[in-house]
Amino acid sequence: MRPVSRFNAVRTLATVTQGSSSSSSSSAPAASLPHKTSSESLETTSTIQATQNAPNTHFKITLRRSAISLGDKIKGTLKALGIHRRFQTVYFPFSPEVAGKILRVKELVEVENVPAHLVMTKQEQRQARRPPRGYKVVGTRKGKFMNV
């Protein structure tokens, strides 16, 4: 049996239940909290459970190792998957064709199973990487010098 490298390990997504953590950590009195009707709270909890219990329907494939010195067949497989550079991530729905391509390059990629609501387009991935606009002054040299 071959040892599993850190590049091939499949990671599962851990989800935190929001209902149990918010009720136990709230220290404010119940009178100050906005009141929800039972139908609104039922809809909210059902949508949270639906997103947490959603079936995994897509592969999230990330290229971890470069294919520079490898053969043309492996490079062609990466091109067929739409991966051009290291740490690039693509999403594909479950299918035997995609599973076969992943097995061809399993030493180079990291694969996760994700539900459909976590699939991100290229533009969404780029937007998620962007920092927030503007800047914030944390401290100045003048403030340190004057002990302010």
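Let's start inside the fold: Thr62 is buried, with a relative accessible area of 7%, where buried means under 20% relative accessible area, exposed over 50% and partly exposed in between (1.4 Å probe, protein chains only). This is a predicted model, in which local features need pLDDT of at least 70 and side-chain atom pairs count only at pLDDT 80 or more, while totals for chains, interfaces and linings use all residues. Residues are numbered from 1 along each chain as its sequence is written, and side-chain values use heavy atoms, with hydrogens and water left out.

Thr62 sits in strand 1; strands (E, at least two residues) and helices (H or I, at least four) are DSSP runs numbered from the N terminus. Its side chain makes a polar contact of 3.0 Å with the side chain of Thr89. Such a contact is a pair of N or O atoms within 3.5 Å; within protein, one must be able to donate a hydrogen and the other to accept it, and residues adjacent in sequence count only if both atoms are side-chain atoms. Leaving aside residues up to four places away in sequence, Thr62 touches Phe87, Gln88, Thr89, Leu108, Val109 and Glu110 (contact: heavy atoms within 4.5 Å).

Three strands make an open, antiparallel sheet in the order 2-1-3, with pairing called when DSSP finds at least two bridges between two strands. Strand 2 (89-93) and strand 3 are the edges, each with a single partner strand, so one side of each has no neighbour in the sheet.

Strand 1 and strand 3 pair over seven bridges. Across this pairing, His58 stands opposite Val114 and Asn56 opposite Pro115. Strand 3 is largely enclosed by the rest of the structure, because six of its seven residues are buried.

## The nonpolar core

The largest nonpolar core has 14 residues, of which Ile61, Leu78, Ile102, Leu108 and Val109 touch the most other members. Such a core is a set of buried Ala, Val, Leu, Ile, Met, Phe, Trp, Tyr and Cys residues joined through side-chain atoms within 4.5 Å. Strand 1 (56-63), helix 3 (72-81), helix 4 (96-104) and strand 3 (109-115) each supply at least two of its residues; the largest share, three residues, comes from strand 1.

Ile102 touches Phe59, Ile61, Val109 and Val111, not counting residues up to four places away in sequence.

## Confidence

The protein chain averages a pLDDT of 76, and 61% of the residues score at least 70 (pLDDT is the predictor's confidence in each residue, from 0 to 100). Over residues 1-33 the pLDDT stays under 50, and the model has 25 contacts beyond four places in sequence for them.
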